[in-house]
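Work through the exercises below with the sequence and the model open. Each task is followed by a stepwise solution.

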Protein chains: 2
Amino acid sequence: MRIALLGGTGEIGEALAVRWAHHTDHEILVGSRDPANARDAVDRYEATLDAADTTGTIKGFANEMATDRADIIVLAVPAYHLADTIDAVADRLADDAIVVTPAVGMKRDEAGFHYNPPPAGSVTALAADAVPEGTTLVGAFHNLAAGRLADLDASFEWDTLVFGNDSSAKAQISRLAEAIDGVRAVDVGGLENAAEVEALTPLLINVAQENEGMHQLGVRLN
Amino acid sequence: MRIALLGGTGEIGEALAVRWAHHTDHEILVGSRDPANARDAVDRYEATLDAADTTGTIKGFANEMATDRADIIVLAVPAYHLADTIDAVADRLADDAIVVTPAVGMKRDEAGFHYNPPPAGSVTALAADAVPEGTTLVGAFHNLAAGRLADLDASFEWDTLVFGNDSSAKAQISRLAEAIDGVRAVDVGGLENAAEVEALTPLLINVAQENEGMHQLGVRLN
């Protein structure tokens, strides 16, 4: 299977790229607006894999080219680039492709970080409005601490909350999540349930800011 | 110390009453609008303690009388009764009393449960507007599954997220939380960080609805 990580040069893109390269046989396509940046990132990711004595298949492309080739497209971009990124690749999406959004909208004030959904109600709803009609959209990977996930020596027991209106796509993304050692996928229903998942990320950041030794946190429901 | 649970005949009131009676030496004052209901609830809670071969000090009162006597007042009422309940007891609050809100505002639609904050921005902000000036307010106990917490044979590893603008009050409520075996208190900063904590409760309910065997969940940040 081929997985495109659009904006794959960012923190969560890097984390998912090296983890999937390490734990799966899938071909990872790192996308960026500038393909040279994508190729530079791939060099770094390959060095990470090499240092951990593991290998994988990662290639760098422009976002459009990565989308062209992919079965699964992860929108690993900031929330404010989500609609633009989708617009740029919309005509490259295969009919049976699955688009995944891990994006979260936050604002910061003196007290801490806060969930800041767009007028559509959630970042996911914004993505749902932006993708071509009939596109299968799944939400996942919002609440994973990218730095710790990218460290192949790190261990954790985390849940990723997966939502979407297509059960089979949701199951496929859940399997991909659980291919990463220490990650459990938990179904939270349809796309309408996105906001509460997205809102969990600023909470984790606030906890990290308020408590020494509680950094790079994830969540386990039990 | 004396702890009043206003609306202490409800699910989270029952859970905190039997747990604190069991794990601490504090005097638990169960409050209700109707003191006869409070006394009936206390009879049930004492039977629960008895069945678990433990004891504690629990008494039933009208909310006003419970507040009169209390060092800590927990607003264990539904969000839509929060302002009314505060109004009813406001002139009974001791100057150094700590008021605790565990209340969450939710709405339900076909997809699931959703966070439904009042215009003030969070249920906590609504409580902050309703308490007399100078009252110390702390948020805690939002995301604990009441049924499992009330079962003295149940075990769990849960976090309760504690926030407020008075560090010493926050520390006192955190100690009270951690008096319950299996509960860890985690500081999330000031009252302005309430909404993300309150929003976690509908997420836990959605997970319970979507997944067999995942009921009465709490959360552990790790």
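**Exercise 1.** Determine in which sense strand β9 of chain B pairs with β10(B), and over how many bridges.

Solution. Strands are DSSP runs of E with at least two residues, numbered from the N terminus. Two strands pair if DSSP finds at least two bridges between them. Strand β9(B), residues 158-164, and β10(B) are joined by five bridges in the parallel sense. Within this pair, D159(B) has R184(B) of β10(B) as its bridge partner.

The model is predicted: local features need pLDDT of at least 70, side-chain atom pairs count only at pLDDT 80 or more, and totals for chains, interfaces and linings use all residues. Residues are numbered from 1 along each chain as its sequence is written, while chains are lettered from A and ligands numbered from 1 in the order in which they are written.

**Exercise 2.** Which percentage of the 222 residues in chain A is buried?

Solution. A residue counts as buried if 20 or more other C-beta atoms, placed from the backbone, lie within 10 Å of its own. Buried residues amount to 53% in chain A.

**Exercise 3.** State the extent of chain A.

Solution. The C-alpha trace of chain A spans about 45 × 40 × 30 Å along its principal axes.

Conventions: A residue is buried if 20 or more other C-beta atoms lie within 10 Å of its own, exposed if 12 or fewer, and partly exposed in between; C-beta atoms are placed from the backbone. Helices (H or I, at least four residues) and strands (E, at least two) are DSSP runs, numbered from the N terminus.
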